[in-house]
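Try each task before reading its solution.

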Amino acid sequence: MKITILVVFYVFSPLLILHLCHRFKFINKLGAVFIAYLLGLIVGNIGILPEGSANVQDLITMITIPLAIPLLLFSANIKEWSKLAKSTFLSLFIGILSVTIIVTIGFFLFRGKGMPEAWKISGMLVGVYTGGTPNLAALKIMLNIDADTYVLTHTYDMAISVAYLAFLMTIGQKVFRLFLKPFPIKKDNENDRDFDGKDPYQGMLTRKKFIPVLWAGLVSAIIFAIGGGLSLLVSESQQMVVVILTITTLSIVASLIPKINRIDKTFEAGMYLILIFSLVVASMADISRFAGLTPGLFGYITFAVFGSLILHVLLSKVFKIDADTTMITSTALVCSPPFVPVIAAAIGNKKVIVSGLTIGIIGYAVGNYLGYIIAELLKLF
């Protein structure tokens with residue numbers, strides 16, 4: 001009975017979290033993922049979890065991410081990627097390159113400072129700063145990272161990202177324009193898409209939206225099953241790697257099918273599963289063990305975020321990319337697509353929203369591959 005209650009808590013608590021985010025602005029500013037982590041840490045460390053909860057937690061974490069990845073990628077429009085402006089596409093390449101270079105340098109600078117298996121953390125950082133939380137979660141499974149390290153890494157990431165966003169929203173544009181040219185404003189009648197103030201989950205539970213999402217969930221489950229079947233062909237240590245990369249690849253292919261690509265709210269459904277995952281993983285973490293994991297980790301993540309930003313700006317100067325495009329690209333990669341409209345509004349340029357969101361989706365698509373490759377390469381050292 002207690003285990004059943006725990007499962008119900010894990011599955012439906014994100015509904016309450018999303019409702020609170022919709023209802024209260026200050027909670028929304030903290031973010032649903034942050035609230036999920038906070039709730040999970042509280043529940044997992046006050047001694048109320050029933051005996052046998054570990055098995056349930058492991059099962060949920062193994063199910064949610066493989067199901068979430070396809071839902072997140074179904075809405076990706078690969079055909080539109082080729083239509084990105086040359087400067088935007090170049091900024092995307094520079095942004096990914098900057099993250100990879102800085103995280104790699106940071107690995108050699110910080111690996112001896114209290115971070116066991118620093119190569120795994122490096123893989124997660126590359127994944128999250130080219131994609132987002134879904135990539136961080138996927139790489140946790142692929143690289144077999146323990147819950148304590150994962151939660152602490154993500155906690156520091158969220159704390160540092162707040163400082164990063166505060167910089168971009170206040171003096172970032174002025175600072176960038178000291179080095180980079182201003183955005184080339186076109187005098188036309190283009191209507192900018194306004195993403196501000198809208199709840200992406202609104203109407204999701206209506207029959208018109210929910211039934212198609214269920215069909216998308218079925219496709220996601222089929223892709224998961226294919227990935228699981230292929231994983232049986234490799235050694236046990238490589239099975240989760242094969243599962244995640246197979247799922248990522250098949251999800252991108254499925255996004256090319258119009259009937260799947262046009263299903264509304266699939267991305268939101270995927271993020272709901274990410275919230276469940278975040279809640280469960282946080283409840284698995286033991287706060288008392290955090291002290292032994294912290295040395296060097298905060299410095300490494302700070303170096304990764306702001307170091308990649310600085311390198312991105314320097315390379316943008318070399319390749320003559322404007323300030324706003326550089327800012328929105330960095331935001332999409334480091335903080336993920338949901339923050340693109342926020343920064344676009346802060347810098348007064350909504351013309352970069354669509355390209356920023358597209359960059360973010362590309363980041364989700366490549367993050368798993370790149371994060372795993374970098375981790376395995378650094379493991380050799």
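**Exercise 1: An aromatic pair**

Phenylalanine 110 has a relative accessibility of 14% and counts as buried (buried is under 20% relative accessible area, exposed over 50%, partly exposed in between, with a 1.4 Å probe and protein chains only). This is a predicted model in which local features need pLDDT of at least 70 and side-chain atom pairs pLDDT 80 or more, while totals for chains, interfaces and linings use all residues (pLDDT is the predictor's confidence in each residue, from 0 to 100). Residues are numbered from 1 along each chain as its sequence is written, and side-chain values use heavy atoms, leaving out hydrogens and water.

Task: classify the ring pair of phenylalanine 110 and phenylalanine 303.

Solution: 
1. Rings of Phe, Tyr and Trp (its six-membered ring) pair if their centres lie within 6.5 Å; planes under 30 degrees apart are stacked, over 60 edge-to-face, and the rest tilted.
2. Here the centres are 6.0 Å apart and the planes at 50°, so the pair is tilted.
3. Phenylalanine 303, at 25% relative accessible area, is partly exposed.

**Exercise 2: Aspartate 324**

Task: find which side chain has a polar contact with aspartate 324, and decide whether aspartate 324 is buried or exposed.

Solution: 
1. The partner is glutamine 173, at 3.0 Å (a polar contact is a pair of N or O atoms within 3.5 Å; within protein, one must be able to donate a hydrogen and the other to accept it, and residues adjacent in sequence count only if both atoms are side-chain atoms).
2. With a relative accessible area of 2%, aspartate 324 is buried.
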